[in-house]
Amino acid sequence: MSTRKHTALPKAQILIEALPWLTRHHGKIVVIKFGGNAMVNEELKSAFAQDVVFLRHAGLKPVVVHGGGPQISAALDRHGIVSEFRAGLRVTTEDAMDVVRMVLAGQVQRELVGLLNQHGPLAVGLTGEDAHTITATRHQPEIDGELVDIGRVGEITAIDTGAIEALLADGRIPVVSSIARSQDDGHVYNVNADTAAAALAAALGAETLMVLTDVEGLYEDWPNSDEVISRLTATQLEKLLPELSSGMVPKMEGCLHAVRNGVTTARVIDGRVQHSILLEIFTDEGIGTMVVPDEAEGEQS
Ligand SMILES: Nc1ncnc2c1ncn2[C@@H]1O[C@H](COP(=O)(O)OP(=O)(O)O)[C@@H](O)[C@H]1O
Ligand SMILES: CC(=O)N[C@@H](CCC(=O)OP(=O)(O)O)C(=O)O
């Protein structure tokens, strides 16, 4: 065998290791949530775009839902508006809503669309407002037994997948900002991006929900230990939910909603690791935390 063939062999083996995953997921919808905290630097964002385009060319149908919490907080700060979170959700006044919409739809979404489109005419950005993709009503979380008003924060009441499905059928990569149209008035609502991604994954009948964040996965005993729970069933997760805090609450509630509504696996992975999406596919074990429906326990995902 020539030296060239020898050096190429490990590359072929790596590609072949991904074959079972690619075969199982061919033509399937994968909803990928890119958290604002995972958008650490330009290299990571470019690597994220490469991974998504790779999945698309490998025969999957990726749908990107993006966050932008830290970016919104920075913009609010510049406008002299203080950021406050209740039950993991941003208290969103009318003035803050304008900034949220400007940052998500006008800044973060545009940047991701631009990065994806460096690889061809693939990505099309939209918000939940477009073609009634996400409809919401006012969300009032229960805190210490009382319903609390946190402003223009939406609770999803309906999803219309028509526009996203049309884009997928046309070979495009939809990039969705988590803003909803209001079913009550002519205005819009701020929706947590994990919640929006999970609702879209369920409504689209996605195979997988991948949530990229700024931790390795769900820690068993956060913040005391960095032991990551690698796999858990819907029932196991449901029992854990009351113990979770801050950003993990909407994330894990979203994963639970997804697997209880037809999504085969929901994964929380470390978006700070370059090419984390491909690592998830190319490593047999996967990285991060994987949530599966109860009936799937013991099956390969
Ligand atoms: N059990 C847990 N395991 C891991 N992270 C946790 C846990 N509980 C709370 N967290 C917090 O949740 C954060 C992730 O959520 P969030 O800040 O909303 O990220 P994103 O912008 O990716 O949505 C972590 O950085 C961590 O501080
Ligand atoms: C209601 C609510 O909290 N909305 C979020 C929307 C963005 C988001 O979820 O961004 P990450 O995924 O980066 O956290 C916010 O205003 O921060």
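Me: How far is the backbone N or O atom of alanine 193 from an oxygen atom of ligand 2?
Reply: In this predicted model, a backbone N or O atom of alanine 193 sits 2.9 Å from an oxygen atom of ligand 2.

Me: And how much of the accessible area of ligand 2 does the protein cover?
Reply: Ligand 2 on its own has 430 Å² of accessible area, and the protein covers 93% of that.

Me: Which side chain has an N or O atom 2.5 Å from an oxygen atom of ligand 2?
Reply: That is the side chain of lysine 33. Glycine 68 also has a polar backbone atom 3.0 Å from an oxygen atom of ligand 2.

Me: Which residues come nearest to ligand 2?
Reply: There are 14 residues around ligand 2, and the nearest are Lys33, Gly36, Arg90, Asn190 and Ala193.

Me: How do the shell residues divide into nonpolar, polar and charged?
Reply: Five are nonpolar, seven polar and two charged.

Me: Which helix and strand each supply at least two residues of that shell?
Reply: Helix 4 (69–78) and strand 4 (89–90). Arginine 90 belongs to strand 4.

Me: Switching to the records. Where does UniProt place "binding site"?
Reply: The unreviewed UniProt entry puts that feature at Gly68, Gly69, Arg90 and Asn190. They are spread over 123 residues of sequence but cluster in space, with a largest C-alpha distance of 11.7 Å.

Me: Which of this set are in the lining of the largest pocket?
Reply: Gly68, Gly69, Arg90 and Asn190 are in that lining.

Me: What takes up the space of the largest pocket?
Reply: Ligand 2 does.

How values were computed
Residues are numbered from 1 along each chain as its sequence is written. Chains are lettered from A and ligands numbered from 1 in the order in which they are written. This is a predicted model: local features need pLDDT of at least 70, side-chain atom pairs count only at pLDDT 80 or more; totals for chains, interfaces and linings use all residues. Side-chain values use heavy atoms; hydrogens and water are left out. A residue is near a molecule or strand if one of its heavy atoms lies within 4 Å of it. A polar contact is a pair of N or O atoms within 3.5 Å; within protein, one must be able to donate a hydrogen and the other to accept it, and residues adjacent in sequence count only if both atoms are side-chain atoms. Accessible areas come from the Shrake-Rupley method with a 1.4 Å probe; for residues, only the protein chains shown count as cover. On a 1 Å grid over the protein atoms alone, a cavity is a set of points where a 1.4 Å probe fits but cannot get out, and a pocket is an open set with protein on both sides within 12 Å along at least five of seven lines; lining residues have an atom within 4 Å of a point. A molecule sits in a cavity or pocket if more than half of its atoms lie within 2 Å of its grid points. Helices (H or I, at least four residues) and strands (E, at least two) are DSSP runs, numbered from the N terminus. Ala, Val, Leu, Ile, Met, Phe, Trp, Tyr, Cys and Pro count as nonpolar, Asp, Glu, Lys and Arg as charged, and the others, Gly among them, as polar. UniProt positions are given in the numbering used here, feature names are shortened, and annotations may be inferred rather than shown by experiment.
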